Amino acid sequence: MSPYFDDLETRRAAVRADAIADALPLQIARAQGLSGYGRALASVNADNVRSVADLAALPVLRKSDLVSAQGSAAPFGGLTTQAVGSFAHVFQSPGPIYEPGGGGHDWWRMGRFLHACGVGPGDIVQNCFGYHLTPAGMIFENGARAVGATVFPAGTGQTELQARAAADLGCTAYAGTPDYLKVILDKADEMGLSLKISKAAVGGGALFPSLRQEYADRGITCLQCYATADLGNIAYESEAQKGLIVDEGVIVEIVTPGTGAPVAPGEVGEVLVTTLNPDYPLIRFATGDLSALMDGPSPCGRTNIRIKGWMGRADQTTKIKGMFVRPEQVAALVARHDEISRARVIASREGQRDVMTVQIEADGGEPDTYAGSVVEALKLKGKIEIVDRGSLPNDGKVIEDQRSYD
């Protein structure tokens, strides 16, 4: 089996950039023709959006926008290029948010990840992602078909039956959340069953190093992906296990939480994804997750950019003194002063009252200089601390809640 799913994975950067330059204007034009985008993209010249840098001038699409759009134009909020009856599946995620699902070849692009896991013809995949309402089960089944593997649609729960089926069918690969495989393996041990699972493709939760090592000690190679119901596969691990390689069917940006402004390379920020799927053209879709870009290509030979994986949530909205403080307000504070590079709001307690401290990265200056801007942007008074440039943690947080209610 080839180490790569297709030739796209090993393209030179210039070739990939040329392909994006051809694909992006078409995708933006598709989005402009959809009622769900309304006036958001009306003033954009699609022909001028040809690179990741060009995307930065476009508005951000958030989950809340999907809920609002679907409330007025069910079920997909006017964001798909096909009618609901043209899709193979319709799914419901919490919100509720409805997502389309296509039955075509590798519609969610999960085959690329399964191939990286070594899954292919002759493998039997025990798919322990849910098949009801939400799309995870079908996303992985569609990917398994793309690589020629057989699927046992196990779903979730009934661990004893799962262990028995894995033994009886001779399942060689597992797909599901990172921790549920251990539950199945432990149950098989308890039942005296010998399993043949040697590959695991996981997602939907944290893969802790100790758990990965436990699987490795059992002879199971466990790799993880980063995917969502709306976007499908975004990034995935290869055998190198050096970060997550961005999928060839999406464009990823890392921006300051609450804004659409790109962060410096290596800085932690919110993950925005533009999908090149012509059926569901989500443009600058905010995942709400934090990550960071990594330097250079993966040692495995795949050449697309890499991200560090999940590093927390970007929606850090916090109630302080009875008022909500949002990341976009912190961004607005920074934008008021050219000399401010970054800012961080810290919520703490003194006695029985909330305290808000605003740390500002700047080259010196007096805290009183920014008092008015803090009140105008955050709608609250607080302590102001001037800190050295580069001294705030690179963790993507612009609001930190240090309060304990124990």
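This is a predicted model: local features need pLDDT of at least 70, side-chain atom pairs count only at pLDDT 80 or more; totals for chains, interfaces and linings use all residues.
**Leu 66**

Which residues is Leu 66 in contact with, leaving aside its neighbours within four places in sequence? I found Leu 61, Leu 79, Ile 97, Asp 230, Tyr 280, Leu 282 and Phe 285. Contact here means heavy atoms within 4.5 Å.

I noted the ground rules too: residues are numbered from 1 along each chain as its sequence is written, and side-chain values use heavy atoms, with hydrogens and water left out. Local features need pLDDT of at least 70 and side-chain atom pairs count only at pLDDT 80 or more, while totals for chains, interfaces and linings use all residues.

**Cores**

Next I looked up the largest nonpolar core, which has 33 residues. A nonpolar core is a set of buried Ala, Val, Leu, Ile, Met, Phe, Trp, Tyr and Cys residues joined through side-chain atoms within 4.5 Å; buried means under 20% relative accessible area with a 1.4 Å probe, protein chains only. Leu 66 is among those with the most contacts inside this core, and so are Ile 28, Tyr 37, Leu 55, Leu 58, Val 252 and Leu 282. The elements giving two or more residues to this core are H1, E8 (232-236), E9 (244-246), E10 and E11 (269-275). H names are helices of at least four residues and E names are strands of at least two, both DSSP runs numbered from the N terminus.

I also found a second, separate core of 27 residues, including Phe 87, Trp 107, Phe 140 and Cys 300.

I then checked the largest pocket, at about 1,000 Å³. A pocket is an open set of points on a 1 Å grid over the protein atoms alone, where a 1.4 Å probe fits, with protein on both sides within 12 Å along at least five of seven lines; lining residues have an atom within 4 Å of a point. Its lining has 39 residues, and Gly 203, Gly 204, Gly 205, Tyr 226 and Ala 227 are the closest to its centre. Which element gives the most to this lining? I got E7, with five residues.

The second largest pocket comes to about 620 Å³. I counted 28 lining residues, with Arg 11, Arg 16, Ile 20, Glu 248 and Val 250 nearest the centre. H1 (13-32) and E10 (250-255) each give two or more residues to this lining, and H1 gives the most, with six.

**Annotation**

Last, I read the unreviewed UniProt entry, which puts "domain: AMP-dependent synthetase/ligase" on residues 137-274. I noted that such annotations may be inferred rather than shown by experiment. The end C-alpha atoms of that span lie 23 Å apart.

Key
Grid points are joined across faces, edges and corners, and a volume is the space filled by probe spheres set on the points. Buried means under 20% relative accessible area, exposed over 50%, partly exposed in between (1.4 Å probe, protein chains only).
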